[in-house]
Amino acid sequence: MIIDCHGHYTTAPKALEDWRNRQIAGLDDAALKPDPAELGITDEQLRETIENNQLRNMRERGSDITIFSPRASFMAHHIGDFETSSTWATICNGLIHRVTQLFPEHFVGAAMLPQSPGVPPETCIRELERCVREYGFVAINLNPDPSGGHWKEPPLSDRWWYPIYEKMVEYDIPAMIHVSTSCNACFHTTGAHYLNADTTAFMQCLTSNLFKDFPTLRFVIPHGGGAVPYHWGRFRGLAQDMKLPPIEEHLLGNVFFDTCVYHQPGIDLLTSVIPVDNILFASEMIGAVRGIDPQTGHHFDDTRRYVDAAASLSDADRHKVFEANARRVYPRLDALLKARGL
């Protein structure tokens, strides 16, 4: 079985974007504010957007299950206030749940949280609980920068975030550390802000004792960890200079990396530097890069090809990357699959 731990509903019906635009317009003119009940998306529309996009690619490329969450750039936590984010998260998570009900063999949900700049994270707990208890979601996406590229929140190691971590531990779910749209002109959303955030999140964990307080807390850092694998020696050296334990002891029981790296040399680096137990297969499909690589003739985000061709991986290693590690990091997913006899 091949489990993709990183998929977004980037192909949602246009009615969702239209509703969101009306919600944003309503921030300036209350008369324009839409009611969630006005969003009329049928099951047939959902089927069409999934079958002709994500599911078609999964079948063509040979993956079985995707951990599916709302479109990351659409989270846009910097827009409006907590009420804005709460309504938007409820709608987006509801669509993800409907997709998982329509295609239960292929999609499992991960929740978007109703984060808002400067608002305490405990306000997100109600939606987190609802998605786990009512929808059966197996993870959350946690945005370390709700300000959209201006980094106004405390670092992930700060007690500010602890209410979320406590709930994650209670439910035994991981968080993918995933930012949203950048509204800072200095940082391109997918080419800079995402990768900056991946690297920043790792460094925030490295310079803290977060996992002493939460020994079972688990973070998945996407996009191959940003700059982390490339600068592994730098991070090891910094940990040594700061008199911290080796990274393997300090972080790798709690921090994991996905394979959303879009060329063979990148995957070769990731799989030769990061221990195989800390790598989870992912494609981000359909996501940041959708085109065909002229050097290979294949889609950039067809990441299974790179994992299959990674010379440093044995067949047993590939089983870990494709399936076993995801079952371990996402125990609610593992329980769901076992309940199905898988």
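Just after helix α9, K243 takes a positive phi of about 60°. The model is a predicted one, in which local features need pLDDT of at least 70 and side-chain atom pairs count only at pLDDT 80 or more, while totals for chains, interfaces and linings use all residues. Numbering runs from 1 along each chain as its sequence is written, and side-chain values use heavy atoms, with hydrogens and water left out. Helices (H or I, at least four residues) and strands (E, at least two) are DSSP runs, numbered from the N terminus.

K243 is found in the loop between α9 (232-241) and α10 (247-250). K243 is exposed, with a relative accessible area of 74%; here buried means under 20% relative accessible area, exposed over 50%, and partly exposed in between (1.4 Å probe, protein chains only). In α9 itself, the buried residues are W232, F235 and A239. Seen down the axis of α9, these fall within an arc of 65°, so they line one face of the helix; the arc is that of the directions from the helix axis to the C-beta atoms. The buried residues of α9 pack against α7 (189-206), α10 and α11 (264-273), where contact means heavy atoms within 4.5 Å. The face of α9 turned away from that buried side carries the exposed residues R234, Q240 and D241. For Q240, the relative accessibility is 61%, which counts as exposed.

E284 lies in the loop between β8 (279-280) and α12 (303-309). At 3% relative accessibility, E284 counts as buried. The peptide bond from M285 to I286 is cis, with omega near 5°, and I286 has its place in the loop between β8 and α12.

Next comes α1. Helix α1 (residues 14-25) has 12 residues and reaches 17 Å from its first C-alpha to its last, close to the 16 Å expected at 1.5 Å a residue; the expected span is 1.5 Å times one less than the number of residues in the helix. The buried residues of α1 are L16, W19, R20 and Q23. They cover an arc of only 100° around the axis, which puts them on the same side of α1. What these buried residues pack against is α3 (72-75) and α4.

Two packed helices are described by the angle between their axes and the distance between the axes. Axes are lines fitted to C-alpha atoms, for helices over the stretch in contact, and angles run from 0 to 180 degrees between N-to-C directions. For α1 and α4, the axes come within 12 Å and cross at roughly 170°. That makes α1 roughly antiparallel to α4, given that angles under 35 degrees count as roughly parallel, over 145 as roughly antiparallel, 65 to 115 as roughly perpendicular and the rest as oblique. On the α1 side, L16, W19, R20 and Q23 meet T84, T87, W88, I91 and L95 of α4. By class, this contact of α1 with α4 has 5 nonpolar, 3 polar and 1 charged residues. For these classes, Ala, Val, Leu, Ile, Met, Phe, Trp, Tyr, Cys and Pro count as nonpolar, Asp, Glu, Lys and Arg as charged, and the others, Gly among them, as polar.

Helix α4 (residues 82-102) also meets α2 (residues 43-61), with axes that come within 10 Å and cross at roughly 80°. That makes α2 roughly perpendicular to α4. Here D43, L46, R47 and I50 in α2 meet L95, R98, V99 and L102 in α4. The residues of this contact of α2 with α4 divide into 5 nonpolar, no polar and 3 charged.

Helix α5 (residues 125-133) is mostly covered, with 7 of its 9 residues buried. Those buried residues are I125, E127, L128, E129, R130, C131 and V132. Their cover includes α4, β3 (107-112), β4 (139-142), α6 (162-171) and α14 (331-339). In α6 lies P163, which touches E122 and I125, not counting residues up to four places away in sequence. P163 and V228 are 65 residues apart in sequence and 27 Å apart in space, C-alpha to C-alpha.
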